[in-house]
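Trainee: Please take a close look at one part of this model, the aromatic pairs and the core around them. I would like one connected account.

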Amino acid sequence: MGYRKNLRIVCGNLKDKGSLIKTVLSSKPHKSAVRCVILRATTHGSSSPPSNHRIAAVISLGLESKTEACSCIQALMDRLHSTSNALVALKCLYTIHNIIGKGFFILKDQLSMYEYFGGRNFLKLLTFRDDLDPETREMSKWVRWYAAILEQNLLVSKVLGCHLYSKRAKNVIGKEKDNFSSSLNSDLLNDIDALVEFACQVGDLPDSLHLQRKSLVYEIVRSVGEDYRLVQREIGTRVAELEARMMSLSSSEWTQFLNSLIKFEDCKEGISLLFRNRNRNDELWDLVKETKAQLVAVMKDSGNDGKRTLVVRFLQRTSRAS
């Protein structure tokens, strides 16, 4: 089995060199230069993540023109969809993740076009499988998991109206009340639904956690952890806002809110296993637990009795806080 893997590495390196030579000799020098950058960032041989300067070279392709940005995303997608190698696929996804987090708007915009036309599973890796050996089959699970998270990341950005890493999102910190004061209950609930779905994708992790010893998988988990930390923040601010508005929610909105909180709690165990108690945010889980208890208590009553129960609980909490 080790012989087959070593042979694959050698063949992969030769294939990369052949692809680079073929690209350099292409009759379209502009596109060939872009494809060379992508090939160098997503090589076959190493199980390490692309180096910082390789990622920076990819991201810089969004500086010159929309045409260059389009060529970059097209080359990256071609590379992703033409490979059956789990390591290459993970490197492509890691590069896409860096574009989402650090790329210029024009690159993100081109990536969003794939999501717009390709639908929810636009990366098309639901059936990806590298059958070289048992380990590559396990790595294939990480490919499918990571792809689902990146797809949900872009969906969250669409629902929120900004990327998680954008300046607009960062400027919300400390201004949550002002920012949400004009938001409809339904908008906040839909935001929570999308954010909780992201958390559920994170918690639906492969069972081969030992593969985090590989630097590429380790770096992927670390990057996903950064996204999850931002998602926690966005969930917390919206749950707190809806908790303050609970008396104005309709019965259907109570139900939607409660279902989202239950779903979020259900993925807690998987998330804890993945991050090993990093990103715990006990304050958020306490808020979710308390809010869920309030919703359950209110929904057990009906009509005016339910509203009255909620008012009493709200006043009791307010008096304890003061």
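Mentor: A residue is called buried when its relative accessible area is under 20%. By that cut-off, F264 and W285 are both buried in this predicted model. Their rings form a stacked aromatic pair, with 4.4 Å centre to centre and 20° between the planes. The pair links distant parts of the chain: F264 belongs to helix α12 (residues 251-266) and W285 to helix α14 (residues 282-300), 21 residues apart.

F264 also has a place in the largest nonpolar core, which has 86 residues. Along with L93 and I96, F264 is among those with the most contacts inside that core. When neighbours within four places in sequence are left aside, the contacts of F264 are V196, A199, Y228, I235, L284, W285 and V288.

The whole structure has 3 aromatic pairs. Another of them joins W142 and W145, and it is edge-to-face, at 5.2 Å centre to centre with 80° between the planes. Here the two partners sit in one helix, α7 (residues 134-160), 3 residues apart, which separates them by about one helical turn. An α-helix has 3.6 residues a turn, so residues three or four places apart point the same way. W142 is buried at a relative accessible area of 1%, and W145 is buried as well, at 4%.

A further helix to look at is α3 (residues 52-59), whose buried residues are I55, V58 and I59. They lie on the same side of α3 because they cover an arc of only 95° around the axis.

Conventions:
Residues numbered from 1 in each chain as written. Predicted model: local features only at pLDDT ≥ 70, side-chain atom pairs only at ≥ 80, totals over all residues. Heavy atoms only, no water. Buried < 20%, exposed > 50% of the residue type's maximum accessible area, 1.4 Å probe, protein only. Helix = DSSP H or I, 4+ residues; strand = E, 2+ residues; numbered from the N terminus. Arc of directions from axis to C-beta. Core = buried A, V, L, I, M, F, W, Y, C linked by side-chain atoms within 4.5 Å. Contact = heavy atoms within 4.5 Å. Phe/Tyr/Trp six-rings, centres within 6.5 Å; stacked < 30°, edge-to-face > 60°.
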